[in-house]
Amino acid sequence: MVRPGGKTTGKSVLCFGFPLSIFFIVINEFCERFSYYGMKTVLTLYFTRFLHWEDNFATAIYHTFVALCYLTPILGAMIADSWLGKFKTILYLSIVYAIGQIVLSVGSINDLTDHNHDGTPDTIAVNIALSIVGLVLIALGTGGIKPCVSAFGGDQFEDDQEKQRSTFFSLFYLSINAGSLLSTLVTPTIRASECGIHTKQECYPLAFGVPAILMAIALAGSKMYKKAKPQGNVMLEVSKCVGFAIKNRFQHLSKEFPKREHWLDWASEKYDKRLIAQIKMVLKVLFLYIPLPMFWAVFDQQGFKIQPDQMQIVNPILIVIMVPVVDSLVYPLIKKCKLNFTPLKKMTVGMFLGSMAFVAAALVQVQIDTGYMTFETSKLQSLNITSGTLNTTESLDLTEKQRYTFAFKWHPAKISYNLIEDNITAKPADGKSLVRFINNSNFTVNVTMGDMAFGELQPLSASNYSVISNPGWSYTINASMPNTCTVDSKEFGYGAAYTISLDDCVGKKLIITHFEDIAPNTVHMAWQIPQYFLLTCAEVLFSVTGLEFSYSQAPSNMKSVLQAGWLLTVAVGNIIVLIVAGASAIKKQWAEYVLFAALLLVVCVIFAIMASFYTYIDPNEIEAQFSKEEKEEKKARDGNEKEAETVSRL
């Protein structure tokens, strides 16, 4: 059956010039990415709020999970190219993926082991075990199918559909970001809703369950795919061939043995020319991959956000807009200008724009970074306070890298003071704002602000800082001094820390003083748009092009392997981030951005030089030539055998 706008050819069913199966692959990728990013969006909150893990441990498990997702593609590629084929690998590992999502969803059910109905699991180990098993299955599933889906999509096209195949990779990347965008918006809302049998809590089962349903939908449309058969244990053959070439070369180091054009040619005594040529193709591309992890090291640091978490959806929104614009307007315009904008040149420009994005981020960060008065602890050992005729000296025993507030109050006969160790030492993250109260009266005060309770405060004591849920709002402050007094506070800025001094109560009106401990962000969120725009352009040029380049330059039996190599650069990029972050002594965020921008710029130059020596190939044409030669050789052998048989009869 052909849909409207489609037609049947001898090769496959076409719809608007594309194989009909392509549309199912794009939709399936959208569902799979919604499933993955939807789960990933709430995962850290699930670790800390439901499983009650420490922040550091939760972060370590989270990054371990992500790393596993980008390391397992090698396994998926080996299975696809050597054993099951791409379609069956995608199908079977998608089932594993869906089962993992279901197991994770079941593990997040609060009532699973809450036998006394107190809202807390009685045997949290059961929930943890199910969650870990679910995450391992998800990592195997998503990682295993990653290198296969894009390569499988490329397989749906015929040799004369190069333009359509290029458009497919853009649509494919568009579906990834569309799934990411929608899940980033929807899943946190689902998680924030309350559900449960006996007690109502954050609805993690539904937040993980909806992605599981989408993953099941992603299995549809299997009958209309073009399925290439696997061609034996390719990875094993490649390993043996490379090993033999190296061994044979070292056994023939003497000058009496003539040099060969390529070191892999030393395997020609044992392996056929076709396999050697295919390995040469793959190694040429893998060599180009060496500098690429630096791009992902920069790209995955999209932490430059000033306030509300919604800013992180800017990138997928821009991707959804930019991919069709670049594909249908920018590239054709460049082509009309007769500029040879090759894939490797696109990737080079993408790396350069990624570097510039972090320069822009550094400029914004310089504007928002602020601090407070700092001292060396060895030089601040006492504090002298003088008020009129009163004088007092306080000995100090301070801890390094700690922040303190020194509160004091003048009385007719003495000076009262208190050294307070603060519970924040840096600017609040993600644009959040903090507030605390200090009691500057002579009474014990019980203070609230809106629905936040700060408890009882003794004279000259301070509460801990608390997060202001909506900094742009005005809140009513209530305090008992000993009568209840109220006052409306002024609006709070984003990314700031405030101390409010409770001074007095006059006619039930609370007298307060605002102190700005850490200044609010004065840079508008809109200033982040240029850096996100640059980063999005970089991603479109680098990542979309990289996917297509990896497919087009790979031999038919190693396309998934090369896609896995591409994904491996992402994993290595994340490892680079961990190494640099651990080894770096840079304390300023803007300086770290400049460091990564400089590193990427250097790598960009190296990649440009490497790319200038690369010669583009057509693997199909090369393999066709080998097939032709093999047929001619076989024909010649058959002719010789017949001639020998005729001679023997005579």
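Why does Tyr 70 count as buried? Its relative accessibility is 12%, and buried means under 20% relative accessible area, exposed over 50% and partly exposed in between, with a 1.4 Å probe and protein chains only.

This is a predicted model, in which local features need pLDDT of at least 70, side-chain atom pairs count only at pLDDT 80 or more, and totals for chains, interfaces and linings use all residues. Residues are numbered from 1 along each chain as its sequence is written, and side-chain values use heavy atoms, leaving out hydrogens and water.

Buried residues make up 47% of the 650 residues in the protein. Tyr 70 lies in helix α2, residues 55-71; helices (H or I, at least four residues) and strands (E, at least two) are DSSP runs, numbered from the N terminus. Among the residues that Tyr 70 touches are Tyr 36, Lys 146 and Leu 567, where contact means heavy atoms within 4.5 Å.

The whole structure holds 29 aromatic pairs. Rings of Phe, Tyr and Trp (its six-membered ring) pair if their centres lie within 6.5 Å; planes under 30 degrees apart count as stacked, over 60 as edge-to-face and the rest as tilted. The centres of Tyr 331 and Phe 341 are 6.3 Å apart and their planes stand at 65°, so this pair is edge-to-face. Tyr 331 is buried, at 17% relative accessible area, whereas Phe 341 is partly exposed, at 23% relative accessibility.

Tyr 331 also has the charged end of Lys 346 over its ring, 3.9 Å from the centre. Such a charge is NZ of Lys or CZ of Arg within 6 Å of the ring centre and within 35 degrees of the ring normal.

Note on methods. Lists of a residue's contacts leave out its neighbours within four places in sequence.
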